[in-house]
Amino acid sequence: NVNNCIIYGNLTNEFETDLKPAAVMNYTFRKCFIRSDKDLSDGAHYIGISQNVDPGLEDPSANKFKLLAGSLCIGAADALFAPIDDIDDKPRDGSPDIGCYEF
């Protein structure tokens, strides 16, 4: 399970899967911003996905992944799957943000 994540960058396709067609796969991407040219419309595996929508990051090319004011990720995470603190140990509020940083 991948929840409340940002998979986004400068490439047209930042996300790739290599699934065997006959294999039974148990995976879920929930409330993620994903940059990809792949079909992510399968609602059983991709829930609440924002595909090819700029997440509003500070400066990803300089490894600055904090959210900018106005980012669509702010307050958009699924709180059931959000960690209590962000990557800097900042507590998340009642409406957590998608990504590793709380705004």
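**Contacts around Tyr46**

Two residues are in contact when they have heavy atoms within 4.5 Å of each other. In this predicted model, Tyr46 is in contact with Phe15, Thr17, Tyr27, Phe29 and Leu40, leaving aside neighbours within four places in sequence.

**Basis of the values**

Residues are numbered from 1 along each chain as its sequence is written, and side-chain values use heavy atoms, with hydrogens and water left out. Because the model is predicted, local features need pLDDT of at least 70 and side-chain atom pairs count only at pLDDT 80 or more, while totals for chains, interfaces and linings use all residues.

**Two nonpolar cores**

A nonpolar core is a set of buried Ala, Val, Leu, Ile, Met, Phe, Trp, Tyr and Cys residues joined through side-chain atoms within 4.5 Å. Buried means under 20% relative accessible area, with a 1.4 Å probe and protein chains only; exposed means over 50%, and partly exposed is in between.

The largest nonpolar core has eight residues: Phe15, Tyr27, Phe29, Cys32, Ile34, Leu40, Tyr46 and Ile49. A second, separate core has seven residues, among them Phe33, Leu67, Ala76 and Ile98.

**Ile98**

Ile98 lies in the segment after β8 (64–67); strands are DSSP runs of E, at least two residues long, numbered from the N terminus. Ile98 counts as buried because its relative accessibility is 2%.

The C-alpha atoms of Ile98 and Lys31 are 7.4 Å apart in space, although the two residues are 67 apart in sequence. Not counting residues up to four places away in sequence, Ile98 touches Lys31 and others, including Asn4, Cys5 and Ile6.

Technical notes:
Helix = DSSP H or I, 4+ residues; strand = E, 2+ residues; numbered from the N terminus.
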